[in-house]
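This report examines a protein and its RNA partner through local geometry and contacts. The sequence and structure are shown first.

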Amino acid sequence: MVLKVYNSLTNKLENFEPIQARKVSMYVCGPTVYNYIHVGNARSVVAFDTIRRYFEYLGYDVNYVSNFTDVDDKMIKAVAEQGITVSELADKFIKAYFEDTKALNVEPATKNPRATDNIADIIAFVSDLIDKGYAYSVDGNVYYRARKFKTYGELGHEDLDTLESGASQHVSKEELKQKEDPIDFALWKAAKSGEISWDSPWGKGRPGWHIECSVMSTKYLGDNFDIHGGGIDLEFPHHENERAQSEAKTGEKFVNYWLHNGFVTVGDDDEKMSKSLGNFVTVHDLLQKVDPEVLRFMMSTTQYRRPVHFSQAGINEAATNLNKIQTAYRNLDYRLQDADADNDPKVDQEVRQIQADFQDAMDDDFNVQNGITEVYELAKLGNVYSERPVVFADTIKLIMQRLQQLTSIFGVDLKIGSFNDQEVENLIEERNQARADKNFARSDEIRDELKEQGIILEDTPQGTRFRRENKV
RNA sequence: GGCGGUAUAGCCAAGUGGUAAGGCAGAGGUCUGCAAAACCUUUAUCGUCGGUUCAAAUCCGACUACCGCCUCCA
């Protein structure tokens, strides 16, 4: 089966055809770094990391670029309140971003460019748009002539005339006076006194929001690249504007496939989690309590276009399901000690079939829900196999290897012996002696004590083993 | 107002024409000293109304509810 992706530009499922064979270039809009990322931000990061990992699973070499918006109105406001510089604020939260996303097992991007490191390129880009007649400067501001870009509105599926009336309610009077047309948007903003600024042909100022992504994506990925991703809220106007800017400048098609992830929602009526609504939970805070693996699993096992409802029940369910897979993996590993050195061709064939089904599911616009179902199938196959009286090592290893391979796409690293604890080992030994002596009061006491610490004991025909419970 | 999305069992959720995948929770069972884990069995007619069809959750029409974008937002 061919990989199909849903292109937001056409609102259709399309066969994925890379610009260069075996290579994927993708740009994903990153956060504005004035706070810790919240669960909604993380969802986007995780969604595209999962997509990237699937491309890599398929054998693609992925060039993955994701930016940091490190100067804008909110940054400036926060800086004024906190009495620090814009770059200090940015540095702090970029560092936090890397900590949080690393915990969520997000692969590092090939490149994480910052807007403020690309000011010269941004100025050159804006100048070029002015030269081409797509932009004009007014009192130190530069605006893009949206209507001049013939397909403006196509990505957001918006009609320009209805847009105009909608937009006019929200644009400040001052800005409206300067603009030739209310739908025009800022490429460069003149600095107010005391604000961070850079010199430009139009006076001191700073880049508008949309321009940085046009500049950095084409700079690092070329004028035309495969995939551009981000939250669905960015489709219009942010991505619309990026597209207008980039195609006006280069005269080439900017992006081949636009992918947009759905929101994280909260509450009974599924409200969007967002900073402006104030209903957000930062990853930084959440990870004090919940295992990062659980959070990662919860987010990456929902298809990227679907909303993720954020709730304790959802976290619990993710923990249970993750545990199911982890347990199957451990069950298999446990039987390796008494396995015969051989394989079972019939089971091996079943494993391959599950993997093929998995791939079919994922090829359908990264349908992770059907994909994870196949992983559960594989886990069950493993569990059933583990209970056979006679097992073969090569088959066990095959199942384990495939479990690991498939779950890694979701950002889960299956491993054995995640921790060593002599004290626990000693208690297990004591408990086994108590059990042998039929002193079940003592043996149960030990088991309860360990459970208090989040350590679960399991007695199996091959002996007693222990695991740590996932925190939720 | 314009545009877009969603609506399937207690919960999460697959499924785009042939009589509803999977997971969680629940019930029963096997295993266990008891557990845990695992395995087996078991639980829906698909928001409402109408239409097309031999046949619809799946196509068409109307409606309802919720969410989102049009302003900063992943």
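This is a predicted model: local features need pLDDT of at least 70, side-chain atom pairs count only at pLDDT 80 or more; totals for chains, interfaces and linings use all residues.

Arginine 388, at 33% relative accessibility, counts as partly exposed.

## Other salt bridges

The structure holds 36 salt bridges. One of them joins aspartate 49 to arginine 296, whose closest N and O atoms are 2.8 Å apart. This pair links distant parts of the chain, since aspartate 49 is in helix α1 (residues 39–57) and arginine 296 is in helix α10 (residues 292–300), 247 residues apart. Aspartate 49 and arginine 296 are both buried. A network of salt bridges links Asp49, Arg52, Arg53, Glu56, Glu107 and Arg296.

A further salt bridge forms between the side chains of arginine 145 and glutamate 180, at 2.8 Å from N to O. Here too the pair links distant parts of the chain: arginine 145 is in the loop between β6 and α5 (160–168), and glutamate 180 is in the loop between α6 (173–178) and β7, 35 residues apart. Arginine 145 is partly exposed, with a relative accessible area of 24%. Glutamate 180 is likewise partly exposed, its relative accessible area being 49%.

## The surface near RNA strand B

There are 58 residues around RNA strand B, and Lys74, Trp209, Gly231, Leu234 and Asn321 come nearest. By class, the residues of this surface divide into 14 nonpolar, 24 polar and 20 charged. Helix α13 (residues 368–386) gives the most to the surface, with seven residues. Of the RNA atoms within 4 Å of the protein, 66% belong to sugar or phosphate and the rest to bases.

Contacts of both kinds can be named. An N or O atom in the side chain of asparagine 367 is 2.9 Å from a phosphate oxygen of RNA strand B. For glutamine 369, the corresponding distance from a side-chain N or O atom to a phosphate oxygen is 2.3 Å.

## Helix α8

Helix α8 (residues 235–250) is mostly covered, with twelve of its 16 residues buried. Among the buried residues are Glu235, His238, His239, Glu240, Arg243 and Glu247. The elements that cover the buried residues of α8 include helices α4 (119–131) and α7 (209–221). Strands β6 (141–144), β7 (185–190), β9 (225–231) and β10 (255–261) are also included in that cover.

Which peptide bond is cis, with omega near 5°? The bond from phenylalanine 236 to proline 237 has this geometry, and proline 237 lies in helix α8. Just after the helix, glycine 251 takes a positive phi of about 75°.

Strand β14 (residues 455–460) is largely enclosed by the rest of the structure, because five of its six residues are buried. Strands β14 and β15 (residues 463–468) run antiparallel and are joined by six bridges. Within this pairing, isoleucine 456 has arginine 467 in β15 as its bridge partner. The two strands form a hairpin with two residues between them.

Strands β1 (residues 4–7) and β2 (residues 12–15) are also antiparallel, with four bridges between them. Tyrosine 6 stands opposite leucine 13 in β2. This hairpin has four residues between its strands, and asparagine 11 is in the turn.

Most residues other than glycine have a negative phi. Asparagine 11, by contrast, has a positive phi near 55°. Asparagine 11 lies in the loop between β1 and β2, and at 35% relative accessibility it counts as partly exposed.

Arginine 22 also has a positive phi, near 65°. Its place is in the loop between β2 and β3 (23–28). With a relative accessible area of 46%, arginine 22 is partly exposed.

Note on methods. Residues are numbered from 1 along each chain as its sequence is written. Chains are lettered from A and ligands numbered from 1 in the order in which they are written. Side-chain values use heavy atoms; hydrogens and water are left out. A residue is near a molecule or strand if one of its heavy atoms lies within 4 Å of it. A polar contact is a pair of N or O atoms within 3.5 Å; within protein, one must be able to donate a hydrogen and the other to accept it, and residues adjacent in sequence count only if both atoms are side-chain atoms. Ala, Val, Leu, Ile, Met, Phe, Trp, Tyr, Cys and Pro count as nonpolar, Asp, Glu, Lys and Arg as charged, and the others, Gly among them, as polar. Buried means under 20% relative accessible area, exposed over 50%, partly exposed in between (1.4 Å probe, protein chains only). Two strands pair if DSSP finds at least two bridges between them. Contact means heavy atoms within 4.5 Å. A salt bridge is a side-chain nitrogen of Lys or Arg within 4 Å of a carboxyl oxygen of Asp or Glu.
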